[in-house]
Amino acid sequence: MQFLCLIYGTEGKDPQPGTEEFGAYMQEYETFSALCEQNGVLVNANALEPVATASTVTMENGKPEIMDGPFAETKEQLGGYYLLDCKDLDEALEYAAKIPTAKYGRVEVRPIMVFE
Amino acid sequence: MLPPYSLEQTIEQIVKEEWGRILSCIVKNVGDIQFAEDCLQDAVEAALKNWPEKGIPKSPAAWLISVSHRKAIDRVRRSKNFKSKEADLSYLSQLEQMDFGDETDQDIPDERLRLIFTCCHPALEEKTRIALTLRTIGGLKTEEIAKAFLDTPSTMAQRIVRAKKKIKLAGISYIVPDGEMLQERLKGVLAVIYLIFNEGYSASNSHQLTRVDLIEEAIRLARILMNLMPKEPEVLGLYALMILHDARRFARIDKQGEMVALEFQNRRLWDRAKIEEGNRVVKQALAMQQVGPYQLQACISAVHLNAVSWDVTDWPQITALYALLYQIQPTHVVRINHIMAVSYADSVAVALQLLDELQLEQNMSCNVSFLLLKADLFERNDQLGESLKLLERAIDLTDNEIEKRFIKRKLQGKSSYASR
């Protein structure tokens with residue numbers, strides 16, 4: 001079954017571009033992605049641009065209402081995701097724990113809904 | 001003599017006793033806890049109709065499993081999206097072929113470990129794990145569990161239904177974890193059982209007789225687990241620990257319903273049979289040479305219970321056990337207990353010094369156990385004024401009624417002593 005691993009972090013809390021740690025951090029991501037691919041569990045993965053680039057839209061009275069920024073101003077923001085195909089939750093959690101940002105933020109694991 | 005059970009009560013008893021074994025087996029076959037439970041419920045209704053006429057079958061569990069499988073087929077046939085369930089149906093029909101009807105209890109595969117590990121999965125909230133374990137393995141009714149946790153039946157029912165749904169949708173597998181994960185998850189299972197026990201233990205303090213006997217239930221669950229995992233020393237350790245605690249049940253509370261400290265308990269009220277059993281199991285566990293926190297706590301309890309009086313307690317032994325426990329479980333509670341043991345094994349002065357060291361490392365002035373021990377040490381050191389001050393502080397800090405009364409009685413005892 002497929003699991004979406006949502007990577008949440010506080011922007012600026014994990015290694016930032018230009019710092020010494022950043023290279024190693026990115027390397028960890030590459031290693032992790034390679035591991036997922038090699039084990040045949042990787043469906044898709046992406047990083048998101050910072051939350052400052054977010055726009056939110058709702059339909060009000062049939063018209064789109066557009067706002068600057070994310071829907072909820074929480075401290076932790078969605079920074080990226082992995083869509084993995086695993087045999088069960090335990091396996092998905094095992095992978096999720098290896099996502100480098102898990103050390104600085106948290107990873108929420110959600111099953112993809114299956115319509116019968 | 002006990003009044004004879006009615007047939008209905010007997011059936012209910014059998015169902016409760018066998019519930020976990022039957023349910024775990026059906027879940028294995030149908031794959032979903034809620035669905036399995038609904039089918040089992042149907043089967044129980046059938047039993048209530050059928051057994052009074054035809055008598056209780058040779059193996060009630062086998063009978064209930066067979067009928068549950070049949071009920072599962074009925075339910076799938078009746079379901080709206082019957083078409084998409086054809087695969088399920090052919091599988092279930094196969095199950096119907098392997099009728100358990102004539103078989104004995106021994107032929108039923110025991111799947112309870114899978115069920116326990118599933119119910120105690122860390123992806124479920126702690127209270128949910130407890131409720132689900134009591135419901136599915138213990139066979140307690142939702143209303144009984146609600147009562148035990150002072151929840152309304154509907155709240156508890158919702159919690160349990162949501163949990164079963166999560167297990168299904170979140171992809172929690174119906175397995176016993178292996179390798180490294182087994183030990184980690186086993187700790188979680190043991191914690192759930194011990195929480196049930198402690199819930200019962202504190203309930204007996206407050207004399208809530210309407211509560212289900214959670215102590216009995218926890219011991220029963222541990223016994224089941226011990227039979228399923230006889231080579232896991234911590235499982236044995238937990239069982240021994242609970243049996244040994246429970247051995248003091250009738251000495252812990254006096255006639256007025258007040259808590260009695262171990263020091264002042266009437267040791268003749270301790271249950272010898274339980275102590276023997278606890279001793280035996282803890283020895284068995286220690287022989288496996290893989291010590292753990294439950295075994296150590298059981299050992300400490302055993303040392304206390306095997307002493308004929310408080311004064312002849314083997315304090316050096318208890319001190320050593322607490323020191324070991326602290327290495328595995330470095331908590332304040334363990335450290336304070338260790339210092340308490342030191343005060344008897346060594347001296348009050350040494351213990352006071354250790355308390356000061358602890359205070360230097362971390363501010364303990366709001367920790368009730370710390371204050372109570374310090375008060376006790378001061379009293380034994382003839383510093384009654386200091387002792388009184390600490391007790392008064394402690395009483396302000398606790399909001400546990402029983403503990404409050406307990407300290408109050410201590411205070412009353414002391415102030416009259418001081419004025420004498």
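A polar contact is a pair of N or O atoms within 3.5 Å; within protein, one must be able to donate a hydrogen and the other to accept it, and residues adjacent in sequence count only if both atoms are side-chain atoms. The model is predicted, with local features needing pLDDT of at least 70 and side-chain atom pairs pLDDT 80 or more, while totals for chains, interfaces and linings use all residues. Residues are numbered from 1 along each chain as its sequence is written, chains are lettered from A in the order in which they are written, and side-chain values use heavy atoms, without hydrogens and water.

**View 1. Interface of chain B with chain A.** Contact (heavy atoms within 4.5 Å) joins 12 residues of chain B to nine residues of chain A. The buried area, which is the accessible area (1.4 Å probe) lost on being put together, summed over both parts, is about 730 Å², with 53% from carbon and sulfur atoms. Ala170(B), Gly171(B) and Met181(B) lose the most area on the chain B side, together 41% of what that side buries.

**View 2. Polar links between chain B and chain A.** Four residue pairs are in polar contact, both residues at pLDDT 80 or more. One salt bridge is counted (side-chain nitrogen of Lys or Arg within 4 Å of a carboxyl oxygen of Asp or Glu) between the two chains. Arg185(B) forms a salt bridge with Asp90(A), with 3.1 Å between the closest N and O atoms.

Methods:
Buried area = accessible area lost by both parts, 1.4 Å probe.
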